[in-house]
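Keep the sequence and the model open side by side while reading. The text below goes from side chains to strands and back again.

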Amino acid sequence: MKTAFVVCVLALLPTLAAADYVATEEEEVAMRARIAKNPPTAETLQKAFRLALKTRDALEASGAEVALIARVGQDLSKYRLRYSHLGFAWRDHPQGRWLVVHELNQCGTAGSDLFNEGLANFFLDDLFAWEALIVMPGEDGLDRHRPRVL
């Protein structure tokens, strides 16, 4: 049953986690290869989706259009840091769908790409700690940065 659940969720993952982003065929192949090499456990999937839902609920309750969100992907305490990754979350749809825009380095290289992903995919990365930080700019800050952020 546990294996069937993981297979089912993995099959739906591109639709559930990144509904706003259409991956290229090359990205799809790379994602499937990464998942096949190190598939997330049912527990990891549950934690990622639970954190995504809590984050979405907090963003919705705030009434904000844009926010910064951070995750704890690795232990950076030796550098006196808590959060290892930051992205811009914005409500891209009147019904409240949230999209995260963030830059990721390609492991082992100096290259990076900008990604547009759903909240669940942002947290689906075997995190060191299952927590998020949400920072919402005040209206004056949002107005000042709107042309560059949105």
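A residue is called buried when its relative accessible area is under 20%, exposed when it is over 50%, and partly exposed in between. The model is a predicted one. With a relative accessible area of 34%, R56 is therefore partly exposed. R56 makes a salt bridge with D57, and their closest N and O atoms are 3.0 Å apart. D57 is partly exposed as well, at 43%.

Side chains of opposite charge can pair when their charged atoms come close. Across the whole structure, a search finds four salt bridges. One of them joins K47 to E43, with 3.1 Å between the closest N and O atoms. Both residues belong to helix α3, which covers residues 42–62, and K47 and E43 are four residues apart, about one turn of the helix. The relative accessible area of K47 is 29%, which makes it partly exposed. E43 is also partly exposed, at 48%.

Another salt bridge links the side chains of R91 and E60, at 3.0 Å from N to O. Because R91 lies in strand β2 and E60 in helix α3, this pair ties together parts that are 31 residues apart in sequence. R91 has a relative accessibility of 23% and counts as partly exposed. E60 falls in the partly exposed class too, with 30%.

Strands of a sheet pair through backbone hydrogen bonds, either parallel or antiparallel. Here five strands form an open sheet in the order β4-β3-β2-β1-β5, and the pairing is antiparallel. Its edge strands are β4 (112–117) and β5, each of which pairs on one side only. From one strand to the next, the twist averages 25 degrees. Helix α3 packs on this sheet, where it touches β1, β2, β3 and β5; the direction of α3 makes about 20 degrees with that of β5.

The pairings can be followed strand by strand. Between β2 and strand β3 (residues 98–105) there are four bridges, in the antiparallel sense. W90 has L99 in β3 as its bridge partner. Strand β1 is joined to β2 (residues 85–91) by six bridges, and the two run antiparallel. In this pairing R71 stands opposite H85 of β2. Five bridges join β1 to strand β5 (residues 129–135), again antiparallel. Here V72 stands opposite A129 in β5.

How many of the seven residues of strand β1 are buried? Six of them are, so β1 (residues 66–72) is largely enclosed by the rest of the structure.

R71 also has a place in the account of the aromatic residues. It lies over the face of F122, 4.9 Å from the ring centre. F122 is buried, with a relative accessible area of 0%.

A pair of aromatic rings is described by the distance of the centres and the angle of the planes. A search of the whole structure finds one such pair. The rings are those of F122 and F123, with centres 5.1 Å apart and planes at 75 degrees; planes over 60 degrees apart count as edge-to-face, so this pair is edge-to-face. Like F122, F123 has a relative accessibility of 0% and counts as buried.

Technical notes
Residues numbered from 1 in each chain as written. Predicted model: local features only at pLDDT ≥ 70, side-chain atom pairs only at ≥ 80, totals over all residues. Heavy atoms only, no water. Phe/Tyr/Trp six-rings, centres within 6.5 Å; stacked < 30°, edge-to-face > 60°. Buried < 20%, exposed > 50% of the residue type's maximum accessible area, 1.4 Å probe, protein only. Lys NZ or Arg CZ within 6 Å of the ring centre and 35° of its normal. Pairing = 2+ DSSP bridges. Axes fitted to C-alpha atoms, helices over the stretch in contact; angles between N-to-C directions. Contact = heavy atoms within 4.5 Å.
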